[in-house]
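Colleague: I want to learn how to read a model like this one. Can we go through a few features together?
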Amino acid sequence: MCGIVGYIGTQSATEILLSGLEKLEYRGYDSAGLATVWEGQIKSVRAKGKLHNLREKLAGIEAPANIGIGHTRWATHGKPEEYNAHPHTDDTGRVAVVQNGIVENYRELRKELEERGHKFISDTDTEVIPHSIAEFLSNFTEGKREAFLEAVRQTVNKLDGAFAIAVVCADYPNELIVARQQAPISIGLGQGEFFCASDTPALVSHTQVVVSLENGEMARLTPLGVEIYNFAGDRLNKVPRILNWSPTLVDKNIFKHFMLKEIYEQPNVIRGCLETYINSDWDINNDGVSPTNLELSPALYQDLEQVEIFACGTSWHASLIGKYLLEQLAGISTTVNYASEARYAPSPLKKNTLTIGVTQSGETADTLAALAMEQQRRLDKPAEFSSRLLGITNRSESSLASLVTQIIDIRGGIEIGVAATKTFVAQVMAFYLLALELSWQKQYLSGKQIAEIVNGLRQIPAQMEQILETQDSQIEDFAHQFNDTQDFIFVGRGINYPIALEGALKLKEISYIHAEGYPAGEMKHGPIALLDDKVPVVAIAMPGLVYEKVLSNAQEAKARDAQLIGVTPESTEADVFDNVLAVPAVDELLSPMLTVIPLQLLAYHIAAHRGLDVDQPRNLAKSVTVE
């Protein structure tokens with residue numbers, strides 16, 4: 001969601017803050033602003049819209065300050081107008097705050113502060129924070145060293161909700177205070193300078209050494225160092241970690257957009273997963289060696305009877321494929337839940353259940369809350385109902401990792417484009433690996449069957465590259481004809497039904513075309529009424545169990561004058577389709593890894609032809625850290 005950056009050191013803060021905010025643009029935002037402290041005053045500049053608007057307002061303004069905070073806002077409370085943009089200040093303009101998250105009890109706090117004479121000028125929940133800090137500061141003797149930190153500490157203890165904040169004060173020009181409760185923020189350690197950011201891409205250009213705050217922690221950054229405390233005021237010792245990311249990972253290189261770059265990175269992401277997680281010592285004759293290197297604790301799968309998955313958005317689609325794999329390859333009954341719905345209507349507790357949370361960022365608020373709820377519900381229950389939590393994420397250092405027993409790190413690398421591509425295929429790969437591991441543990445498949453799947457997975461990266469080499473330019477040309485299209489239908493069956501959902505979501509996210517995904521066999525049960533010559537239908541038809549059925553369903557659409565687009569191998573049956581987005585012939589079980597790529601390219605090129613902001617589509621955020 002919102003992006004936070006902060007800096008204190010010897011350099012001019014303004015450019016560092018702006019460049020940091022640029023690295024966080026992928027999170028989604030509708031306004032931006034920054035505040036610096038100079039000569040005993042807070043200088044705050046805010047602008048509606050993109051960061052170039054903020055840069056224009058800052059042009060020509062002298063900016064020697066070496067401490068400041070910056071923010072990109074994704075509107076929750078209040079319209080995306082300049083008066084609602086961060087930073088927010090108190091009445092006197094002496095305290096400035098930026099926040100990621102939601103203060104759930106802001107109405108009560110605002111009423112209390114207004115009764116004490118505080119005046120509010122925005123519609124946001126955040127504005128109560130600087131007013132509250134200023135109120136507590138007024139109770140301290142002027143100039144007392146601990147006053148600023150203590151005022152922030154007392155304030156955060158009054159806030160309900162999920163938030164991360166960064167605070168500066170004109171009366172404490174050598175201190176920057178940050179705090180975290182359920183929303184991520186990290187501190188970068190430099191030489192005589194220190195940084196903070198809501199995500200590490202904003203830090204990697206300056207330092208590789210970071211400390212991530214946990215829930216209920218806060219920190220004071222000064223030119224001399226960083227002090228970390230809990231919300232009770234106790235001093236903490238934390239060990240920094242070294243990032244293994246380089247600044248080049250957040251550059252587009254030769255590509256016009258990050259999304260296209262990340263589509264092209266998918267073969268190497270899958271190669272990396274295979275090299276890391278497929279056990280090179282395993283063969284069909286070695287019963288004592290697992291086919292994977294997931295190294296799951298036996299407690300996760302002992303007497304396992306069912307799996308329950310919580311996810312949102314693209315991760316939910318990956319989880320639907322995971323359900324298919326776990327049931328078909330490991331014989332384990334699996335349910336997939338929207339995390340946002342499961343929080344308020346949990347299913348009855350079942351014994352010997354593995355609960356999996358799938359979130360690329362590891363910070364998705366609904367998914368984390370659903371997992372925490374599940375953990376809480378199983379406390380003090382008999383052993384067979386005890387909590388078994390597994391996370392699948394792209395961020396091994398995230399909040400998810402501290403909540404679950406174990407994680408599968410999908411190793412996708414930094415993904416800047418809001419529309420997930422490489423993290424989707426990496427999540428799907430994680431489910432292949434998990435299903436193979438559980439199948440081997442249960443002896444559900446023979447060694448020969450597992451070997452065939454593993455050998456097929458090893459071919460996937462090269463087959464992905466084949467699609468990119470042969471289809472990208474053709475799809476780019478093909479996409480021109482959809483500049484005025486308003487509706488799309490995607491259909492698939494079996495393991496490729498989730499790919500129909502994902503293809504529709506990608507098109508909606510970045511091109512703003514209304515698109516829906518359906519099980520192909522369900523078209524005749526209502527949706528077929530939508531079809532005419534203005535509604536293209538994309539059918540995913542891979543040879544296998546449901547191939548002929550999909551072709552039959554596709555012909556029903558064609559009979560209603562719909563333009564029929566097939567994601568299928570080039571074959572004699574391909575003449576059913578008006579156009580073919582060709583993929584290599586592959587076992588149906590493995591086909592989602594390939595069928596999704598033409599749909600990613602189709603969505604990308606349609607949006608690019610329309611001149612839309614592919615990497616930062618309107619109203620969307622990369623990581624949804626609030627409910």
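Colleague: Where is the place of glutamate 509?

Modeller: This is a predicted model. Glutamate 509 sits in helix α15, residues 497–511.

Colleague: Is glutamate 509 buried or exposed?

Modeller: Buried means under 20% relative accessible area. Glutamate 509 has 15% relative accessibility, so it counts as buried. Leaving aside neighbours within four places in sequence, glutamate 509 contacts Ala419, Pro617 and Leu620.

Colleague: Next, the core. How many residues has the largest nonpolar core?

Modeller: In soluble globular proteins, nonpolar side chains tend to be buried together. Here the largest nonpolar core has 97 residues. Helix α13 (residues 422–442) gives the largest share of this core, 13 residues. Met593 is one of the residues with the most contacts inside the core. Not counting residues up to four places away in sequence, methionine 593 touches several residues, including Val425, Val428, Met429 and Tyr432.

Colleague: And strands? Which residues of β16 point one way, and which the other way?

Modeller: In a regular strand the side chains alternate between the two faces of the sheet. In β16, Gln306, Glu308 and Phe310 point one way, while Val307, Ile309 and Ala311 point the other. Six of the six residues of β16 (residues 306–311) are buried, so the strand is largely enclosed by the rest of the structure.

Colleague: Which strands run parallel to β16?

Modeller: β17 (residues 333–338) pairs with β16 in the parallel sense over six bridges. Valine 307 stands opposite threonine 334 there. β18 (residues 353–358) also runs parallel to β16, joined by five bridges. Glutamine 306 has threonine 353 of β18 as its bridge partner. Finally, β16, helix α9 (residues 313–330) and β17 form a right-handed β-α-β unit.

Methods: Residues are numbered from 1 along each chain as its sequence is written. This is a predicted model: local features need pLDDT of at least 70, side-chain atom pairs count only at pLDDT 80 or more; totals for chains, interfaces and linings use all residues. Side-chain values use heavy atoms; hydrogens and water are left out. Helices (H or I, at least four residues) and strands (E, at least two) are DSSP runs, numbered from the N terminus. Buried means under 20% relative accessible area, exposed over 50%, partly exposed in between (1.4 Å probe, protein chains only). Contact means heavy atoms within 4.5 Å. A nonpolar core is a set of buried Ala, Val, Leu, Ile, Met, Phe, Trp, Tyr and Cys residues joined through side-chain atoms within 4.5 Å. Two strands pair if DSSP finds at least two bridges between them. A crossover is right-handed if, with the strands pointing away from the viewer, the path from the first strand over the helix to the second runs clockwise.
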